[in-house]
Amino acid sequence: MGQEIDLLLNYPKIKRNIKERGATKTEEDRRIASRFGKEFFDGDRRHGYGGYYYNPRFWQPVIPTFQKYFGLTSSNSVLDVGCAKGFMLHDMAELIPGITVKGVDISEYAIKHAIEDMKPHVQAGNADRLPFVDNSFDVVISINTIHNLEQKECLQALKEIERVMKGKSFITVDAYRTDEEKELMLAWNLTARTFMHVNEWKMFFAEAGYTGDYYWFIP
Ligand SMILES: C[S@@+](CC[C@H](N)C(=O)[O-])C[C@H]1O[C@@H](n2cnc3c(N)ncnc32)[C@H](O)[C@@H]1O
């Protein structure tokens, strides 16, 4: 079993009025967001990011944490599951020149609009069927992605990450520790289909045979 560790501690904190956002969400908003198309990335704020643009201030402070923790060098390979437009991979390739980076995302829209230098390295695909042979990558990273799958597929996605990694991985998922956090999560959530108490997630990881590291997105 891997360890619970916050490798995103240097990711900039975003202030949100969570309760207000939840209150204004409709089932229709959630349905539109879950298509992970233009509306989710570059549409109205009600349906997702409200404009998903590259800004070095997000991932650049995080990459040195990944680099140090996983001992990443130019000879390593990293897969990002749910890479969206490839922004994290772009910053990783910039900070660790020569490293092999690949990304997979369910969104044809995000892949088509990926940051230019990552276009050759990202492809459309489902986390529950990763298009790579066993043990392809030194490290697999998946940030806020696999909770978007239904429980059965989410379990399969964990197995897939385990299958394609050589031993190191890090994922973050929507989770809660208290009833209050659960309520906030229910209000905040737009696309997640599988979110649970942190202890339930740990049992779920064990059930999948997932041995990588993990942390939580808690509103
Ligand atoms: C909240 S975004 C996170 C994007 C990126 N990892 C980040 O942290 O900025 C969730 C991402 O998961 C992708 N996604 C959703 N379901 C997926 C699936 N079944 N397989 C692969 N990617 C998926 C979405 O298209 C979206 O890019």
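Start by selecting helix 8 and helix 10: the two cross in a right-handed way. What you have open is a predicted model, so keep that in mind as you look around.

To find the pair, highlight residues 151-164 for helix 8 and residues 198-208 for helix 10. Their axes come within 9 Å and cross at roughly 60 degrees. That angle is why helix 8 and helix 10 are described as oblique to each other.

Next, show the side chains where the two helices meet. On the helix 8 side, pick Leu 155, Leu 158 and Lys 159. Facing them from helix 10 are Phe 204, Phe 205, Glu 207 and Ala 208.

Now move to the ligand. How many residues surround the ligand? There are 14, and the closest are Gly 82, Ala 84, Ile 106, Ser 107 and Ala 127. Colour this shell by class too, and you will find seven nonpolar residues, six polar ones and one charged.

Finally, zoom out and switch to a cartoon view. The whole protein has ten helices and seven strands. Along its principal axes, the C-alpha trace spans about 50 × 40 × 30 Å. For its 219 residues, a compact globule would have a radius of gyration near 17 Å, and the protein's value of 16 Å agrees with that.

Conventions: Residues numbered from 1 in each chain as written. Predicted model: local features only at pLDDT ≥ 70, side-chain atom pairs only at ≥ 80, totals over all residues. Axes fitted to C-alpha atoms, helices over the stretch in contact; angles between N-to-C directions. Helix = DSSP H or I, 4+ residues; strand = E, 2+ residues; numbered from the N terminus. Parallel < 35°, antiparallel > 145°, perpendicular 65-115°, else oblique. Left-handed = near helix turned anticlockwise from the far one by under 90°. Contact = placed C-beta atoms within 7 Å. Near = placed C-beta within 6 Å. Nonpolar A, V, L, I, M, F, W, Y, C, P; charged D, E, K, R; others polar. Rg over C-alpha atoms; globule rule 2.2 N^0.38 Å.
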